[in-house]
Amino acid sequence: HQLLQEYFAAKRLDREMTDGVPASDFWKPEAWWEPNQWNETAILLAGLYSDDPTLVIRWLKDANPELTARCINESGSATPADEVLLELREAWLQRLTDSTEISPSRAGVGRALSKVSLSDGTLLDDRPGVGLNDGGLPDIVWSDVIPAGDYTIGGDSDAWYALDEQIVTLDYSYQLAKYPVTYKQFQAFIDAQDGIGHDDWWQDMADQQKEPFEQNSKHDNHPRENVSWYQAVAFCKWLTAKYRDAGLILDDAEICLPRQEEWEIAARYPDGRKYPYGNKPDATKMNISETGIDQTSAVGMFPDGR
């Protein structure tokens with residue numbers, strides 16, 4: 001029976017581990033994030049250490065972070081102590097934003113960080129702007145202020161919707177969120193008693209679709225990717241009210257979706273560049289098809305492309 005075979009394979013893997021064979025012999029550094037025949041065996045191995053799987057966790061943590069997270073969540077073993085989980089946080093957060101590590105690998109590290117929490121429920125990925133603040137509200141980190149002034153938009157013939165180059169004048173300053181709204185942050189809106197189903201946020205809306213849509217990438221530190229425009233507007237209204245009540249914004253400030261020109265100005269600020277990092281597309285600086293991730297990725301994992 002396959003399960004019996006995998007059990008004995010796990011016993012053999014245990015012997016390899018205790019004999020000092022590195023986990024990277026089974027999960028090669030150049031492709032550790034890809035499906036591997038040893039993955040289910042490793043989860044069974046962690047299950048052999050039901051009282052404390054720390055030995056297995058430390059053996060795996062550098063070779064395969066995502067599998068390490070699965071061992072913690074799926075093996076049935078006791079959750080490792082917080083001091084062990086903090087070791088994972090320190091190692092993985094450093095790798096997540098290290099642009100010398102290839103993008104699919106960093107994306108796997110980001111997924112691992114989204115799947116493990118400390119004993120108090122704090123997500124391992126505790127970077128500002130990713131999760132919730134102490135009050136349980138989305139922890140938004142804002143960009144530098146974009147000042148009032150004249151700005152050039154359009155003029156890129158290669159753009160998907162090419163606009164003629166034009167000058168627009170803003171008579172106000174504004175800021176954008178540093179990251180897209182994450183799964184964790186939008187979920188707070190869904191879970192709140194006065195959240196997505198509350199009528200106050202849907203006034204004058206043509207579409208009253210209050211039921212959340214199914215998500216493709218359910219990772220707390222990834223962008224919430226399947227949301228209607230109306231739901232996004234309702235979220236902004238809710239967040240504005242909550243931030244005002246908490247004193248996090250001034251009473252006359254508003255959190256809203258950026259208009260087209262506000263988004264383009266912020267992305268090209270301050271020198272009119274075509275991309276936030278320069279004038280030529282670079283698959284190492286953003287998540288596009290050529291990057292090789294093939295799904296959403298943890299926010300902030302492309303610091304060179306901000």
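A residue is called buried when its relative accessible area is under 20%, exposed when over 50%, and partly exposed in between (1.4 Å probe, protein chains only). By this rule Arg-268 is buried, at 14% relative accessible area. The model is predicted, so local features need pLDDT of at least 70, side-chain atom pairs count only at pLDDT 80 or more, and totals for chains, interfaces and linings use all residues. Residues are numbered from 1 along each chain as its sequence is written, and side-chain values use heavy atoms, with hydrogens and water left out.

A salt bridge is a side-chain nitrogen of Lys or Arg within 4 Å of a carboxyl oxygen of Asp or Glu. The count by this rule is 18 salt bridges.

One of them joins Arg-268 to Glu-264, with 2.7 Å from N to O. Glu-264 is also buried, at 17% relative accessibility. Both residues belong to helix H9, which spans residues 260-268. Helices are DSSP runs of H or I with at least four residues, numbered from the N terminus. Glu-264 and Arg-268 sit four residues apart, about one turn of the helix.

A further salt bridge pairs Glu-262 with Arg-259, at 3.8 Å from N to O. Glu-262 is buried, at 8% relative accessibility. Arg-259 is partly exposed, at 43%.

Lys-218 and Glu-214 also form a salt bridge. Their closest N and O atoms are 2.5 Å apart. Lys-218 is partly exposed, with a relative accessible area of 40%. Glu-214 is exposed, at 53%.

Salt bridges also form a network, which links Glu-40, Arg-70 and Glu-74.

Notes
Helix = DSSP H or I, 4+ residues; strand = E, 2+ residues; numbered from the N terminus.
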